[in-house]
Amino acid sequence: MSSIPVVVAGITGKTGEAVAKTIQHTTGLRLVAGIAKNHAGEHLGARWSDPDLDLSICRDIEAVEPLDYAVLVDFTEAASAFERLQWAIVHQWDMVVGTTGFTAEHRQQLTRLVERYQVGLALIANFSVGAWLLEKVAVEASYFFNVAEIVEEHHESKRDRPSGTARRMQGLLADSWRRSPDDIPVHSIRLPGLIAHQTVVFGAQGQVLSFRHDVHDRSAYAPGVIQAIQKVHALRGRLVDDLGVILDRD
Ligand SMILES: NC(=O)c1ccc[n+]([C@@H]2O[C@H](COP(=O)([O-])OP(=O)(O)OC[C@H]3O[C@@H](n4cnc5c(N)ncnc54)[C@H](OP(=O)(O)O)[C@@H]3O)[C@@H](O)[C@H]2O)c1
């Protein structure tokens, strides 16, 4: 079977670089292009000290060498990603997206477009299995507790606030309790020394129950991203936002 060509947008970023290096060393996947903003034009092989890697970083998706098909992996920021995803959809590429900060309107439009063009979109707020398990245990706890608050802590350069992971947790608890997501408070902390951490604290008479997940290294996201790349073509016509679908545990 031929390998899957993969284009990584955000290849010079903290997460995109970790993910792209794993893609490069995964059998069955082929890193064919990288996209970035300020580092566009740089040679990726030189940047990674890899003489076997002969790729220049593109300014955006239109500048990538023409490809009949690829999977677009995106870890950038929402505004430019939204434009890039529309390009990928029209060109019949499947997409694995970790970028957060999309609006509800963005998501509605993307849902309509993937259905119309019959491409797959895995739009996952957090690709780490630990964050997904935190969702599962928190939803289980929501059957027994009826009030909670979320604390999300990230590095100081994170743009969106609250995080996509916290917004998703808000939505899951709100669905379980049939309330508005705004009724579940989120506390956001941005400090150097942090990477990505989330705590869900449930309270009831006489007791408190806390669940916490910590990412200490961005390699935590790579296995989920790799599995999503391998499966996204089978999601044709769908926007999937639950990592459980990718892990076959939905
Ligand atoms: N879903 C998940 O599991 C997960 C995990 C971690 C992070 N994230 C999300 O992933 C995104 C990136 O996070 P990060 O911490 O890796 O950010 P980062 O270190 O700031 O990296 C951002 C990357 O995007 C590129 N970029 C920014 N604006 C661009 C544009 N207009 N066109 C093309 N490329 C552009 C940057 O290129 P230059 O370096 O050249 O400027 C850089 O490569 C955020 O939305 C974050 O919330 C998701």
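Helices here are DSSP runs of H or I with at least four residues, strands are DSSP runs of E with at least two, and both are numbered from the N terminus. The structure is a predicted model, in which local features need pLDDT of at least 70, side-chain atom pairs count only at pLDDT 80 or more, and totals for chains, interfaces and linings use all residues. Residues are numbered from 1 along each chain as its sequence is written, and side-chain values use heavy atoms, with hydrogens and water left out.

I begin with the sheet. Seven strands form an open sheet in the order β3-β2-β1-β4-β5-β6-β11, with parallel pairing; two strands count as paired if DSSP finds at least two bridges between them. The edges are held by β3 and β11 (239–240), each with a single partner strand, so one side of each has no neighbour in the sheet.

Consider next strand β2 (residues 29–35). On one side, β2 pairs in the parallel sense with β1 (residues 4–9) over six bridges, and I35 of β2 stands opposite A9. There is also a parallel pairing of β2 with β3 (residues 57–58), over two bridges, where G34 has I57 as its bridge partner. Five of the seven residues of β2 are buried, so this strand is largely enclosed by the rest of the structure. Buried means under 20% relative accessible area, exposed means over 50%, and partly exposed lies in between, with a 1.4 Å probe and protein chains only.

Together, β1, helix α1 (residues 14–24) and β2 make a right-handed β-α-β unit. Right-handed means that, with the strands pointing away from the viewer, the path from the first strand over the helix to the second runs clockwise.

I turn to the pockets. On a 1 Å grid over the protein atoms alone, a pocket is an open set of points with protein on both sides within 12 Å along at least five of seven lines, whereas a cavity is a set where a 1.4 Å probe fits but cannot get out; lining residues have an atom within 4 Å of a point. Grid points are joined across faces, edges and corners, and a volume is the space filled by probe spheres set on the points.

The largest pocket has a volume of about 1,100 Å³. Of its 38 lining residues, K14, T15, F75, T76 and E77 lie nearest the centre. Where does the largest pocket lie? Domain 1 (4–123 + 219–246) and domain 2 (129–216) both contribute to its lining, so it lies between them. These domain bounds come from an automatic or database domain assignment.

The second largest pocket has a volume of about 500 Å³. Its lining comprises 19 residues, and F102, R107, G164, R167 and R168 are the closest to its centre. Helix α6 (164–177) provides the largest share of that lining, seven residues.

Finally, some backbone details. R161 and P162 are joined by a cis peptide bond, with omega about 0°, and P162 lies in the loop between β7 (148–154) and α6. S49, in the loop between α2 (44–47) and β3, is a residue other than glycine with a positive phi, near 55°. S49 is exposed, at 64% relative accessible area. R178 also has a positive phi, near 50°, and lies in the loop between α6 and β8 (186–190). R178 is exposed as well, at 77%. Thank you.
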